[in-house]
Amino acid sequence: MNKLSEIEAILFVVGDEGIGLEELSYLVKDNTANVYQQLQELNQRYEENELTALHILEVGNHFILSTKKVFAPLLKKYAESPIGSSLSQAALETLSIIAYKQPITRMEVEEIRGVQSSGSVQKLTAKRLIEEKGRVDGPGRAILYGTTDYFMDYFGLKSLAELPDIQSMEDELEEDAPFDLFYDRYKQVEGE
């Protein structure tokens, strides 16, 4: 395993939140100057390789693995496609957790679900069902997510108070009750 592969793996896992140079340096056990140079080298490889769609965005002191701008029209077409419009079970689970626990970070969602959720968070953000509600005060300044007005309209809710109380559902439904609620409502809205 080399440093470039380690950096690439971490950038992939942190998703759209990105990672700070200091944290990345700590994780790969190297100084910030070397890690910054390796980030530049990795990005140069991406830019020179026509067979990859990836590049690294530098936003302030954060680095985010992203797609090259040339793919924007294709990705926009995908986002608008009716084929790509349905939500997966993972996205619905993620949406349920965010709706009930907001504001919440992606890492907190992953702790609850027990699996990586950056793809679901990205899809829900692209579909305007969730949005950034702020940042955590502390290292990394993780994004806090919450539901949008579009979410409220989509699920026919006037306020979050209309969400069923989880405590009262515990005796009646299985442990994944919030998911069932959104899954049933989603299937009604989608006409399936």
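Let's start with Tyr36, which sits in helix α3. Before I go on, a reminder that what we have here is a predicted model. Leaving out residues up to four places away in sequence, Tyr36 touches Leu21, Glu58 and Phe63. Take Phe63 from that list: Tyr36 and Phe63 are 27 residues apart in sequence, and their C-alpha atoms are 9.8 Å apart in space.

Let me step back to the whole chain for a moment. The secondary structure comes to ten helices and six strands. There are 192 residues in the chain, and 38% of them count as buried. If you take the contacts with a separation of 6 or more, residues 24 or more positions apart account for 50% of them.

Now back to α3, and to its packing with another helix. Helix α1, residues 3–14, packs with helix α3, residues 32–48, at an angle of about 80°, and their axes are 10 Å apart. The range for roughly perpendicular is 65 to 115 degrees, so α1 and α3 are roughly perpendicular to each other. On the α1 side, the contact is made by Lys3, Leu4, Ile7, Glu8 and Leu11, and on the α3 side by Val35, Gln38, Leu39, Glu41, Leu42, Arg45 and Tyr46. Sorted by class, that contact of α1 with α3 has seven nonpolar residues, one polar and four charged.

Helix α1 has another partner to show you. With helix α2, residues 21–28, α1 packs at an angle of about 125°, the axes again being 10 Å apart. How are these two helices oriented? At that angle, α1 and α2 are oblique to each other. The crossing of α1 past α2 is right-handed. Here Lys3, Glu6, Ile7 and Ile10 in α1 meet Leu24, Leu27 and Val28 in α2. By class, the contact of α1 with α2 has five nonpolar residues, no polar ones and two charged.

A quick stop at the strands. Val59 is found in strand β2, residues 54–59. Val59 and Gly18 are 41 residues apart in sequence, yet 8.8 Å apart in space, C-alpha to C-alpha.

The axes of helix α5, residues 89–101, and α6 come within 10 Å and cross at roughly 115°. That makes α5 roughly perpendicular to α6, and α5 passes α6 in a right-handed crossing. Which residues meet in this contact? From α5 we have Ala90, Glu93, Thr94, Ile97, Ile98 and Lys101, and from α6 Val109, Ile112 and Arg113. They divide into five nonpolar, one polar and three charged.

Arg113 deserves a word of its own. This residue is found in helix α6, which covers residues 106–113. The Arg113 side chain makes a polar contact of 3.0 Å with the side chain of Glu93, and a polar contact of 3.0 Å also joins the side chains of Arg113 and Ser117. Not counting residues up to four places away in sequence, Arg113 touches Ala90, Glu93, Thr94, Ile97 and Ser120.

That's my tour, and I'm happy to go back to any of these spots on the screen.

Notes: Residues are numbered from 1 along each chain as its sequence is written. This is a predicted model: local features need pLDDT of at least 70, side-chain atom pairs count only at pLDDT 80 or more; totals for chains, interfaces and linings use all residues. Side-chain values use heavy atoms; hydrogens and water are left out. Helices (H or I, at least four residues) and strands (E, at least two) are DSSP runs, numbered from the N terminus. A polar contact is a pair of N or O atoms within 3.5 Å; within protein, one must be able to donate a hydrogen and the other to accept it, and residues adjacent in sequence count only if both atoms are side-chain atoms. Contact means heavy atoms within 4.5 Å. Axes are lines fitted to C-alpha atoms, for helices over the stretch in contact, and angles run from 0 to 180 degrees between N-to-C directions. Angles under 35 degrees count as roughly parallel, over 145 as roughly antiparallel, 65 to 115 as roughly perpendicular and the rest as oblique. A crossing is left-handed if the near helix is turned anticlockwise from the far one by less than a right angle, and right-handed if clockwise. Ala, Val, Leu, Ile, Met, Phe, Trp, Tyr, Cys and Pro count as nonpolar, Asp, Glu, Lys and Arg as charged, and the others, Gly among them, as polar. Buried means under 20% relative accessible area, exposed over 50%, partly exposed in between (1.4 Å probe, protein chains only).
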